[in-house]
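This briefing covers helix packing, nonpolar cores, aromatic pairs and a few local sites. Please read it alongside the sequence and the structure.

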Amino acid sequence: MQKIDVCLSPDLIHLYDLVGKAVVVVDVFRATSCMVTAFAHGALEIIPVEDVDVCAAHREQGYLISAERNGVTPAGFDFDNSPFSYQVDRVKDAKICVTTTNGTVALRRSLSAEKVFVGAFLNISSVVRALKTWSSDVIVVCAGWKGKPNLEDTLFAGALIDELVGQYSVADDAALIAWKQYHVASSDLVTAVKHSSHVNRLLGLGIEKDISFCLERDRYDVLPYLQGDKLVL
């Protein structure tokens with residue numbers, strides 16, 4: 001039976017062998033939720049990068065640019081890190097370069113995997129369908145927050161495991177923790193994350209509407225994946 005495991009932070013990714021495996025990168029609040037939303041609204045490609053200056057330089061190559069650090073967007077960028085920013089006409093047929101505090105780090109550190117998918121609650125069934133046709137093991141890479149695990153990404157990992165049990169076995173305790181925590185929280189995710197550090201951070205920035213939106217399940221039927229260093233559909 002195939003195995004599914006969970007890496008709770010990009011800082012732990014050196015402990016996992018990604019070669020030949022599929023990786024699902026998740027940053028619920030909010031990078032991967034934004035990426036899924038952008039593709040659902042017609043974006044052609046997204047390049048995830050770790051450095052703000054590298055991202056800004058892509059404007060000269062015809063890209064729209066998006067940046068976030070500590071929940072805030074530096075001056076001079078086209079998009080912030082809210083999924084609502086990508087629900088606009090200019091996203092259609094656009095090429096976008098993105099850098100965020102956590103999500104783009106997780107994506108860049110997953111490049112050695114055979115396949116890298118972008119996951120969020122917004123597209124979880126699309127992820128499930130792809131993994132049901134995948135023939136090897138899977139690792140869910142949670143973006144976390146500055147090297148530390150977070151609750152919302154762990155809950156996504158648990159929700160994914162819950163959909164795949166039967167075809168996949170739980171590989172290790174991190175996956176088991178995620179799965180068991182999801183069972184505790186699944187009836188009301190908004191309440192479950194209410195006191196989490198990232199929710200408190202977003203509330204402090206006045207971004208409450210992003211929280212409930214990013215926890216919506218299956219709003220979009222898209223599955224971005226890495227092709228080289230670019231995300232495409």
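The points below are grouped by topic.

This is a predicted model, in which local features need pLDDT of at least 70 and side-chain atom pairs count only at pLDDT 80 or more, while totals for chains, interfaces and linings use all residues. Residues are numbered from 1 along each chain as its sequence is written, and side-chain values use heavy atoms, with hydrogens and water left out. Helices (H or I, at least four residues) and strands (E, at least two) are DSSP runs, numbered from the N terminus.

**Packing of H5 and H6**

- The axes of helix H5 (residues 151-164) and helix H6 (residues 173-185) come within 7 Å and cross at roughly 95 degrees; axes are lines fitted to C-alpha atoms, for helices over the stretch in contact, and angles run from 0 to 180 degrees between N-to-C directions.
- H5 and H6 are therefore roughly perpendicular to each other (angles under 35 degrees count as roughly parallel, over 145 as roughly antiparallel, 65 to 115 as roughly perpendicular and the rest as oblique).
- On the H5 side, the residues in contact (heavy atoms within 4.5 Å) include Leu151, Leu155 and Ile161; on the H6 side they include Trp179, Tyr182 and His183.

**Nonpolar cores**

- A nonpolar core is a set of buried Ala, Val, Leu, Ile, Met, Phe, Trp, Tyr and Cys residues joined through side-chain atoms within 4.5 Å; buried means under 20% relative accessible area, exposed over 50%, partly exposed in between (1.4 Å probe, protein chains only).
- The largest such core has 43 residues, and Val6, Phe29, Leu131, Phe156 and Leu160 have the most contacts inside it.
- Elements that each supply at least two residues of this core include strand S1 (2-7), strand S2 (22-26) and helix H8 (197-204).
- H5 gives the largest share of this core, seven residues.
- Not counting residues up to four places away in sequence, Phe29 touches Glu152, Val193, His198, Val199, Leu202, Asp210, Ile211, Cys214 and Leu215.
- A second, separate core of 34 residues includes Leu18, Met35, Val222 and Leu226.

**Aromatic pairs**

- The structure holds three aromatic pairs; rings of Phe, Tyr and Trp (its six-membered ring) pair if their centres lie within 6.5 Å, and planes under 30 degrees apart count as stacked, over 60 as edge-to-face and the rest as tilted.
- One of them is tilted, because the rings of Phe84 and Phe213 have their centres 4.9 Å apart and their planes at 50 degrees.
- Phe84, in the loop between strand S4 (64-67) and strand S5 (95-99), and Phe213, in helix H9, are 129 residues apart.
- Phe84 is partly exposed at 28% relative accessibility, whereas Phe213 is buried at 4%.
- The rings of Phe121 and Phe156 form an edge-to-face pair, with centres 5.5 Å apart and planes at 85 degrees.
- Phe121 lies in the loop between strand S6 (115-119) and H4, and Phe156 in helix H5, so this pair ties together parts that are 35 residues apart in sequence.
- Phe121 is buried, with a relative accessible area of 1%, and Phe156 is buried at 0% relative accessibility.

- Asn81 lies in the loop between S4 and S5 and is buried, with a relative accessible area of 5%.
- Residues touched by Asn81 include Arg30, Ala31, Cys34 and Asp210.
- Helix H1 (residues 31-40) is mostly covered, with nine of its 10 residues buried, among them Ala31, Cys34 and Met35.
- Just after H1, Gly42 takes a positive phi of about 100 degrees.
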